[in-house]
Amino acid sequence: MNLKKNDIVKLNIISLSSEGSGVGKTQDGITVFVPDTAVGDELLVRILKVQKTYAFGKIEEILSPSPDRITPTCNVGTKCGGCVYCHLSYDAELKAKEQRVKDAIERIAKLSIPVKPIVSAGRVSRYRNKAMIPASLDKEGNIIMGFYSKHSHRIVECDDCTLQPQCFLKAAEILKDFLKDNNISIYNETTRKGLFRHLYLRIAEKTDQLMITLVINGKELPSSQKLVESFKAELPNLKSVVLNTNCEDTNVVLGKKSRVLFGDGYIIDELCSLSFKISPQSFYQVNRKGAQLLYSKAAEYAGLSGGEVLLDLYCGTGTIGLSMAHKAKSLIGVEIVPKAIEDAKENAQLNGIDNARFICGDAAKAAETLKFEGLTPDVIIIDPPRKGCDKSLIKTISDMTPKRVVYVSCDPATLARDLAIFAELGFVAHEVTPVDMFPRTHHVESVVKLSR
């Protein structure tokens, strides 16, 4: 069979890809990726694109549904591309994510490492404490707000994302009415004209403090105090409103300048029995309960007894390291983002932690400098971005001869690649624990315990 675009083929879905699409094979053995499917689905699939050894398709008809299928709770989940598992039972989703980690370890790292059962807070809706919502105009000139469709900057309008708290919906409604009633122009990415760009929302789950950041392509938002009063009248948990200026032609949401319109310009949440100050620019895990599970497992793997020197690379605002500081002799955190380091220092002070210091710099270069200074950390925590660690950093970590390394990863593929490098340098990965920080999406976190 010479497969071509618009062909209709019968497929059985036998597995899920790392991006959450179903995988099936034609009679000729050609692999076809089909989104919004489940293992066990029997389908008629329309072919959309054909490559040399694989193809992409979409569901034409479900002949026999998988027992893992459920009715999606979101009516735009398949359009925005965020909740790739919204049609799966949560048990099936967890199994898929656990298997993804196992497959990466086996196929990429080629190591035999025990993968523990995936850990989850069990909450699949309303768990996010942050949202960045762009605004645009539809073809009729009406204001729409929602999320970018996958691999595009086309906004899919969303009245209520079920991953977010309902007060986010209310804030968006108030803002939308304000923009319309006051004839506020909406930013156009093509022309770079128009004033309003993004609504950026954060909530502290434990304290229920809400912060609203308004991102504009200019210095002032007309009648902004009237908008603040509307927010205050209808959002009793509102703690702060910030106006952020972003006049750059960029995909980055926040600009460099902010001005507080109401409140203190930050909110405070509690995580792992500590208080954390969260400003618009602060890094903070979007799933608080999931983060507590993640940090608890990292602390278990760190195995601190009170006399260790702890080095936290890619420390962000210091959350992981600070949550363990009371069990360490001293903590050193390294992060390249200056604002994050400022927040880490403030968070240490806020919690009365006096055995921590934080360094602003590239993780690899800072680690090399610390090694040159003679620092010999007992335990090193690394929580790199999706691209993983530079090979030079892994070599420097090895040269520091730590007793243990705790690797926190947000991408199983780069984690597996880096574990193979650690193995070459004499480290043993004892076990991996996947953590579901982002239910309904394809993302999965992992924590690994390594030692010499």
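A salt bridge is defined here as a side-chain nitrogen of Lys or Arg within 4 Å of a carboxyl oxygen of Asp or Glu. The structure is a predicted model, in which local features need pLDDT of at least 70 and side-chain atom pairs count only at pLDDT 80 or more, whereas totals for chains, interfaces and linings use all residues. Residues are numbered from 1 along each chain as its sequence is written, and side-chain values use heavy atoms, with hydrogens and water left out.

In one of them, Asp436 pairs with Lys97, and the closest N and O atoms are 2.7 Å apart. Because Asp436 lies in strand S22 (residues 428–436) and Lys97 in helix H2 (residues 90–109), this pair ties together parts that are 339 residues apart in sequence. Helices (H or I, at least four residues) and strands (E, at least two) are DSSP runs, numbered from the N terminus. Asp436 and Lys97 are both buried, where buried means under 20% relative accessible area, exposed over 50%, and partly exposed in between (1.4 Å probe, protein chains only).

Lys403 forms a salt bridge with Asp378, with 3.7 Å between the closest N and O atoms. Lys403 is in the loop between helix H9 (391–399) and strand S21 (404–409), and Asp378 is in the loop between helix H8 (363–372) and strand S20 (379–382); the pair links distant parts of the chain, 25 residues apart. Asp378 counts as buried, at 16% relative accessibility. Salt bridges that share partners also join Glu93, Lys97, Asp436 and Arg440 into one network.

A further salt bridge connects Asp343 with Lys339, the closest N and O atoms being 3.5 Å apart. Both residues lie in helix H7, four residues apart, about one turn of the helix; H7 spans residues 338–350. At 2% relative accessibility Asp343 counts as buried, while Lys339, at 28%, counts as partly exposed. When residues up to four places away in sequence are not counted, Asp343 touches Ser279, Ser282 and Thr317, contact being defined as heavy atoms within 4.5 Å.

At the level of the whole chain, the secondary structure comprises 10 helices and 23 strands. The radius of gyration is 24 Å, close to the 22 Å that the globule rule gives for 452 residues, so the chain is as compact as a globular protein of that length. This radius is taken over C-alpha atoms, and the globule rule is 2.2 Å times the number of residues to the power 0.38. Along the principal axes, the C-alpha atoms fill a box of roughly 65 × 60 × 35 Å. Buried residues account for 53% of the 452 residues. Of the contacts between residues at least 6 apart in sequence, 63% join residues at least 24 apart.

In soluble globular proteins, nonpolar side chains tend to be buried together. A nonpolar core is taken as a set of buried Ala, Val, Leu, Ile, Met, Phe, Trp, Tyr and Cys residues joined through side-chain atoms within 4.5 Å. The largest such core contains 81 residues, of which Leu175, Phe196, Leu199, Ile212, Leu214 and Phe231 touch the most other members. Helix H3 (residues 166–181) supplies the largest share of this core, eight residues. Another core, of 40 residues, lies apart from it and includes Ile105, Ala109, Ile397 and Leu415. Beyond its neighbours within four places in sequence, Ile212 is in contact with residues including Ala171, Leu199, Phe231, Leu235 and Val242.

Ile133, in strand S8 (residues 130–137), counts as buried at 6% relative accessibility. In helix H9, Leu393, Ile394, Thr396, Ile397 and Ser398 are buried. The buried residues of H9 pack against strand S17 (309–313), H8, S20, S21 and helix H10 (412–424). Just after H9, Thr401 adopts a positive phi of about 50 degrees.
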